Amino acid sequence: MTCPPTFTVAFCTFKRADRLDKLVSALRAQHCPVPFDILAVNNNSPDHTLQVLAHLQGQAGAPLRVVTETTPGIVPARNRALDESLDRDILVFIDDDELPHPGFLAAAYDAIVNEGAQCVGGSVEMDFITHVRPAWLEDDLLGFLAAVDHGPQRFWIQDSSTPIWTANVAYDMRLFRDDPALRFDPRYNREGADVGGGEDAIMLRALLAQQARIRYRPDMGVQHSVDAWKLHRRYFLKLHYRAGLRQAQLSAPDFPSNSLGIPPFLTRQFFGHVQKTLALFLTGKPGLIRQAMNAAHALGYLQGYRNRHAESSHD
């Protein structure tokens, strides 16, 4: 980039009008080495989102662009942000339930412009001020609420064991201009308050497969506000059931199956997880929720594989 790079920070929003004033104000307060604008992608919000955004457009600070994506779901909204920013050099995503830490945009700029990253993400800190953290919510479960903490040092990401999410991720937009097929996968869409998705994990894997230069910058941090409805055990179980269901339907290999279309080892695996879950419940040992999540994933995988068998038998 010989000229100063053009820079956009985008958020996709659905029915969170009351959070937008604080988010846009926090973004406008960010220091960035180059001028930037803000892109809001409204995903057919039924509340007063558009009125709030129109009011914010008239305030001082970084320019705010507003577009409405009528196709429901986070994937169409994220892909709309990509399409709206194809003429930009850098695009940074932040979610509408987050607030940036100081240095958020400067770290993204530095990683791409000075360190040569094509994709960069940072830490995600959970905010339990509004909603109290339940006693059963152990540290190893926070990642399923989008928490990211890979330590205080910056490093190059080599595999999916150190993921970054679209909660706070920046892209060199040449990735998407050079490859028009590189977009968030609609098969992993999530609409409204639905759970699951995984479109950002799939994007990370696609970039890893392309050997893109992916950087972790802990100073590109955000604070994530956790919705009250996610602070229940059933959320974690449903999340893992849906993950297993989609994995089996979309990416599982073909296994030898019985007449019902279910590989016998999947049934054994599910009941094995159920036995372990019951044992932890009866003994009171730690790890019950995590093990129950494994059982829910196994059940979803089993059901997803059966669904796929039923669909193929009808073709």
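In which strand is the place of His 224? In this predicted model, His 224 belongs to strand β11, which covers residues 222-225. With a relative accessible area of 5%, His 224 falls under the 20% limit and is therefore buried. Its side chain makes a polar contact with the side chain of Glu 98, at 3.2 Å. Leaving aside residues up to four places away in sequence, His 224 touches Asp 97, Glu 98, Val 124, Glu 125, Met 126, Asp 127 and Leu 145.

In soluble globular proteins, nonpolar side chains tend to be buried together. Here the largest nonpolar core has 82 residues, and those with the most contacts inside it are Phe 11, Val 92, Phe 93 and Tyr 171. Helix α4 (residues 104-114) gives the largest share of this core, with 7 residues. Apart from it lies another core, of 5 residues, among them Ala 252, Leu 266, Tyr 301 and Tyr 305.

How are the planes of Phe 93 and Tyr 171 placed, and how far apart are the centres of their rings? The centres lie 6.3 Å apart and the planes stand at 80°, an angle over the 60 degrees required, so the pair counts as edge-to-face. This pair links distant parts of the chain, since Phe 93 is in strand β4 (residues 90-94) and Tyr 171 is in strand β9 (residues 168-172), 78 residues apart. Both Phe 93 and Tyr 171 are buried. Together with Phe 176 and Phe 184, these two residues form one aromatic cluster. Beyond residues up to four places away in sequence, the contacts of Phe 93 include Ala 10, Cys 12, Arg 78, Phe 104, Asn 168, Val 169, Tyr 171 and Phe 184.

The two strands that carry this pair are themselves joined, for 5 bridges connect β4 to β9, and the two run antiparallel. Val 92 stands opposite Ala 170 in β9, and Val 120 also stands opposite Ala 170. Strand β6 (residues 119-121) pairs with β9 in the antiparallel sense over 3 bridges. Strand β9 is mostly covered, with 5 of its 5 residues buried. Asn 168, Ala 170 and Asp 172 point one way from β9, whereas Val 169 and Tyr 171 point the other way.

Another aromatic pair, of Trp 229 and Tyr 235, is likewise edge-to-face, with 5.6 Å from centre to centre and 85° between the planes. Trp 229 is partly exposed, with a relative accessible area of 35%, whereas Tyr 235 is buried, at 9%.

The loops remain. Asp 95 has its place in the loop between β4 and β5, where it is buried with a relative accessible area of 17%. Not counting residues up to four places away in sequence, Asp 95 touches Leu 23, Arg 78, Thr 166 and Ala 167. Asn 44, found in the loop between β2 (37-42) and α2 (49-57), has a positive phi of about 60° although it is not a glycine, and with a relative accessible area of 38% Asn 44 is partly exposed. Ala 146 lies in the loop between β7 and β8 (155-156) and has a positive phi of about 90°, again without being a glycine.

Note on methods
Residues numbered from 1 in each chain as written. Predicted model: local features only at pLDDT ≥ 70, side-chain atom pairs only at ≥ 80, totals over all residues. Heavy atoms only, no water. Helix = DSSP H or I, 4+ residues; strand = E, 2+ residues; numbered from the N terminus. Buried < 20%, exposed > 50% of the residue type's maximum accessible area, 1.4 Å probe, protein only. Polar contact = N/O pair within 3.5 Å; in protein donor to acceptor, adjacent residues only side chain to side chain. Contact = heavy atoms within 4.5 Å. Core = buried A, V, L, I, M, F, W, Y, C linked by side-chain atoms within 4.5 Å. Phe/Tyr/Trp six-rings, centres within 6.5 Å; stacked < 30°, edge-to-face > 60°. Pairing = 2+ DSSP bridges.
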